[in-house]
Amino acid sequence: MQVVTDQIRNFLQYIAVQFIEFPAEAQLKVTELGPKRLRFKLVLRQSDVALLIGRNGFSASAIRGVIKSVTEREDVNVNLQIHSHEEEAEMQARERNGH
């Protein structure tokens, strides 16, 4: 599964840089949720979230489609989340407080 993880990581790092204005502030987090289950989380500046998601979510949907085509061959389930730094901080605070 490491090969698939690396392929997706490289793809997301490449594609995100093409869409966003502040790549130095971008973070890519990968979590293994279970056997053949991965979560990729792109944490970006709020303005970059809108750029990457695109109008009506078309860009994010296209990115997810490419990821799905790669992972289906390997029978791996992948979830892609795109958040701002502020949203990520709020989620982490809720997790720490047990909510």
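## A short tour around helix α2

Arg 45 sits over the face of Phe 22, 3.6 Å from the ring centre. Keep in mind as you look around that this is a predicted model. Aromatic pairs number 0 in the structure.

**Gln 46, in helix α2**

- Helix α2 covers residues 46–53, and Gln 46 is found in it.
- If you set aside neighbours within four places in sequence, Gln 46 is in contact with Ser 84 and Glu 86.
- With Ser 84 there is also a polar contact, made side chain to side chain at 3.1 Å.

**Asp 48, in helix α2**

- Asp 48 is another residue that lies in helix α2.
- Asp 48 has a relative accessibility of 0%, so it counts as buried.
- Which residues does Asp 48 touch, not counting those up to four places away in sequence? They are Ile 20, Glu 21 and Phe 22.
- Phe 22 is the residue whose ring face lies under Arg 45, and the side chain of Asp 48 reaches the backbone nitrogen of Phe 22 at 3.0 Å.
- Along the chain, Asp 48 and Phe 22 are 26 residues apart, while 7.1 Å separates their C-alpha atoms.

**Ser 84, in strand β3**

- Strand β3 runs over residues 77–84, and Ser 84 lies in it.
- Ser 84 counts as buried because its relative accessibility is 0%.
- Leaving out residues up to four places away in sequence, Ser 84 touches Val 43, Leu 44, Gln 46 and Val 49.
- One of these, Gln 46, is the partner in the 3.1 Å polar contact between side chains.

**Helix α4**

- Helix α4 takes in residues 85–96, which makes 12 residues.
- How far does helix α4 reach from its first C-alpha to its last? The span is 16 Å, close to the 16 Å expected at 1.5 Å a residue.
- After α4 comes Gly 98, which has a positive phi, near 75 degrees.
- A handy rule for viewing helices is that an α-helix has 3.6 residues a turn, so residues three or four places apart point the same way.

Technical notes
Residues are numbered from 1 along each chain as its sequence is written. This is a predicted model: local features need pLDDT of at least 70, side-chain atom pairs count only at pLDDT 80 or more; totals for chains, interfaces and linings use all residues. Side-chain values use heavy atoms; hydrogens and water are left out. Rings of Phe, Tyr and Trp (its six-membered ring) pair if their centres lie within 6.5 Å; planes under 30 degrees apart count as stacked, over 60 as edge-to-face and the rest as tilted. A charge sits over a ring if NZ of Lys or CZ of Arg is within 6 Å of the ring centre and within 35 degrees of the ring normal. Helices (H or I, at least four residues) and strands (E, at least two) are DSSP runs, numbered from the N terminus. Contact means heavy atoms within 4.5 Å. A polar contact is a pair of N or O atoms within 3.5 Å; within protein, one must be able to donate a hydrogen and the other to accept it, and residues adjacent in sequence count only if both atoms are side-chain atoms. Buried means under 20% relative accessible area, exposed over 50%, partly exposed in between (1.4 Å probe, protein chains only). The expected span of a helix is 1.5 Å times one less than its number of residues.
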